[in-house]
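Please take a moment to look over the sequence and the model before reading on.

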Amino acid sequence: MSATPKRADHLEALLGSLSDVDNPVGSAAILDADERAEPLVAGEAVLAAFDLNAELVPPEHGGRFDRVDHLVEVLRSVYRRDPALGLGYAVGSLIAGVAVWTAADTEQAARAARLLLGGGRIAAAFHELAHGNDIAAAEFTATPSDGGFLLSGRKEVIAGIGRASAAVIFARTDPSPGPRSHSLLLVEPVPGEPLPRFTTAGVRGVWLGGVAVDRHPVPESAVLGRVGGGLETVLKAFQVTRTALPAMATGVLDTGLRIAVDHLSTRRLYGGAAIDLPHVRSVLAAAFADLLRAEAFATVAARALHLVPGSASVYSAAVKIEVSRLLLDAMDRLAELLGAHSYLREGPSGLFQKLLRDLAPVGFGHIARATAQLSLLPQLPTLARRSWAVPGPVPVDLLDLDADLPPLRYDRLALHASGRDPLTAGHGALLDSLPPGPVRAAAAADRAELAELARVCAGLPVAELGADARPAHYDLVTRYVLLLVRTACLGVWRHAPPGDFLADPAWPLAALHRCAPGRTTPLPGPVEDALVTELLDRHGGNRSFGGTARPLAS
Amino acid sequence: MSAQTRDLRDWLVARVATYLRRSPQDVDPAVPLAEYGLDSLTALAISTDIEDEYDLVLDPALAWDHPTIDALTAVLTGLIEAKERA
């Protein structure tokens with residue numbers, strides 16, 4: 001899947017084997033740091049040596065961030081080992097960075113790039129505990145004063161703010177309600193007094209802090225973009241991170257699955273190998289299929305950021321909703337298989353409980369899944385009228401993961417898609433292009449599902465699609481997102497190079513089966529057999545379980 | 001105010017009244033939509049409604065930069081006139 005950049009292999013090699021007890025970035029060291037609730041210092045040294053911050057800076061500012069799918073693949077190597085290392089070292093700067101690349105002028109962008117390329121961190125200070133995802137309610141103020149602004153208020157639960165040399169701050173610049181009342185400011189150094197650390201159940205090595213700021217002066221040149229443009233910038237820029245962060249987190253399931261296979265292949269139960277039990281095989285095959293489904297959809301969405309940035313508001317929300325759910329659910333099912341070994345904080349499967357805890361924020365961090373659902377609701381009627389009911393061509397460039405990508409145009413991201421959804425519009429043409437066989441037969445029912453969704457959603461009253469929408473309307477979002485994922489999987493399979501496992505019908509059959517409306521049955525036997533065979537083959541060959549089947553460090 | 005502008009404003013009042021679940025008489029064209037409690041994402045939907053009704057292509061943030069019906073009416077009147085001249 002999407003020719004892995006060589007530098008991702010390089011980072012994988014630098015991080016080394018998880019099972020090597022002498023590796024300072026192996027499982028034992030990761031667990032030890034977690035027990036102490038400290039960052040993995042040796043891991044940070046590896047990331048610094050690799051110059052990971054360059055991955056966060058666009059090429060026009062001197063970095064290597066040219067493709068979202070490549071950024072994701074590089075960071076998966078970190079998430080395969082220690083999500084806290086990724087969050088603590090890179091995610092804050094990534095989130096702050098995309099806001100800068102979206103809204104900053106040339107001089108501000110150059111300043112942020114210099115800071116990151118010099119090894120510094122930029123904190124993303126958007127969140128206030130009192131308002132959660134209701135970001136338009138933020139109270140931290142930037143009051144005009146003497147040609148600049150005075151900052152006052154609190155920002156809370158901000159990763160790494162104590163170690164950051166600057167912060168991008170979301171602040172209220174107008175006391176009246178509405179979407180033009182907030183601005184983004186790039187402030188260096190971080191202002192105010194640090195708040196005590198917030199302790200958490202997972203990602204315990206990440207110092208989650210905050211600041212209390214009282215009338216801190218900043219110049220007018222601190223404002224990124226226009227005064228009042230803060231919410232618009234956030235809603236555009238975060239389409240990149242809402243796609244990239246859940247996509248990186250598939251590395252957690254990759255390792256979770258490896259721990260489960262390791263454990264169950266050596267374990268003897270009821271007179272045989274545990275991995276030969278039909279239930280065990282079934283759960284492993286399903287988790288593998290869900291990982292491939294999650295990565296296929298996330299990669300298509302990452303490509304969409306480059307190819308159809310005006311539609312990325314839709315696909316990024318769908319990634320947040322569905323990729324995070326797939327990962328959380330699959331890890332929960334693996335935990336059931338592992339039983340006590342999913343709970344032990346030591347031993348060969350000790351890393352599993354940490355991964356399980358560290359994965360949880362994928363569902364609520366940055367934006368909550370429910371908020372992502374809410375962001376799609378008001379778009380449904382226009383999407384239905386303008387795309388779902390109007391057949392278009394197969395969007396081959398979205399679906400052929402080996403095809404080149406144009407540069408990421410932050411200026412073409414849009415607040416909403418204006419009804420443009422080329423993936424769903426191409427659904428009919430994609431089905432028509434499939435070779436006759438079981439995949440095409442399994443996908444046939446989706447024609448009627450799309451027609452029905454289009455009919456229902458086209459007539460939805462916008463007044464009922466705000467924050468107080470009925471649960472039945474949220475269900476329409478769920479049906480739409482599942483259809484998007486199924487379409488992406490079919491397309492990725494159809495356009496995968498021959499010989500690649502992505503061109504094998506087993507995984508799209510499993511993907512379609514596992515998210516068919518009203519599904520309750522297990523996977524068909526031959527599909528499950530093909531998945532388990534591939535899973536064990538990759539396990540034996542030390543290759544990743546995701547779309548790229550990459551060689552892992554040994 | 002021309003008849004066309006009045007029609008446009010009345011249509012906007014009627015749309016917004018539907019969004020807000022109020023009667024059109026209870027929608028003041030001079031009051032920002034946010035003050036009626038219309039959340040920012042839902043407010044964006046109005047621009048696609050206008051596009052469909054008047055066959056225009058609008059900035060997705062139209063309703064954010066022109067937050068009252070009066071302001072929307074003014075900017076749209078200009079856009080519709082420009083389109084008719086073209």
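Buried means under 20% relative accessible area, exposed means over 50%, and partly exposed lies in between, using a 1.4 Å probe and protein chains only. This is a predicted model, in which local features need pLDDT of at least 70 and side-chain atom pairs count only at pLDDT 80 or more, while totals for chains, interfaces and linings use all residues. Residues are numbered from 1 along each chain as its sequence is written, chains are lettered from A and ligands numbered from 1 in the order in which they are written, and side-chain values use heavy atoms, with hydrogens and water left out.

**Aromatic rings**

A pair of aromatic rings is described by the distance of the centres and the angle of the planes. Rings of Phe, Tyr and Trp (its six-membered ring) pair if their centres lie within 6.5 Å; planes under 30 degrees apart count as stacked, over 60 as edge-to-face and the rest as tilted. How many aromatic pairs does a search of the whole structure find? Over all chains there are six. In one of them, F288(A) and F501(A) are stacked, because their ring centres are 6.0 Å apart and their planes are at 10 degrees.

This pair links distant parts of the chain, 213 residues apart: F288(A) belongs to helix 9 (residues 278–307) of chain A, while F501(A) is in the loop between helix 20 (471–494) and helix 21 (506–514) of chain A. Helices (H or I, at least four residues) and strands (E, at least two) are DSSP runs, numbered from the N terminus. Is F501(A) buried or exposed? With 11% relative accessibility, F501(A) counts as buried. F288(A) is also buried, at a relative accessible area of 0%.

F288(A) forms an aromatic pair with F545(A) too, and this one is edge-to-face, with 6.2 Å from centre to centre and 70 degrees between the planes. Again distant parts of the chain are linked: F545(A) sits in the segment after helix 22 (525–540) of chain A, 257 residues apart from F288(A) in helix 9. F545(A) counts as buried, with 0% relative accessibility.

Elsewhere, one aromatic cluster is formed by F126(A), F170(A) and F238(A). There is also a charge over a ring (NZ of Lys or CZ of Arg within 6 Å of the ring centre and within 35 degrees of the ring normal). Here the charged end of R64(A) sits over the ring of F50(A), 5.1 Å from the ring centre.

**Where chain A meets chain B**

Contact means heavy atoms within 4.5 Å. By this rule, 24 residues of chain A are in contact with 20 residues of chain B. Buried area is the accessible area (1.4 Å probe) that two parts lose on being put together, summed over both. For chain A and chain B it is about 1,800 Å², with 61% of it on carbon and sulfur atoms. On the side of chain A, the residues that lose the most area to chain B are H416(A), V462(A) and A463(A), together 26% of what that side buries.

A salt bridge is a side-chain nitrogen of Lys or Arg within 4 Å of a carboxyl oxygen of Asp or Glu. The rule finds seven salt bridges across this interface. R385(A) forms a salt bridge with D52(B), where the closest N and O atoms are 3.6 Å apart. Helix 7 (230–248) and helix 14 (380–388) of chain A each supply at least two residues of the side that touches chain B.

**Along the backbone of chain A**

V213(A) lies in strand 7 (residues 208–219). V213(A) counts as buried, at 6% relative accessibility. Leaving aside residues up to four places away in sequence, V213(A) touches F140(A), L151(A), S152(A), G153(A), P191(A) and G192(A).

V203(A) is in the loop between strand 6 and strand 7 of chain A, whereas R215(A) has its place in strand 7. Finally, which peptide bond is cis? The bond from E188(A) to P189(A) is cis, with omega near -5 degrees. P189(A) is found in the loop between strand 5 (182–187) and strand 6 (193–194) of chain A.
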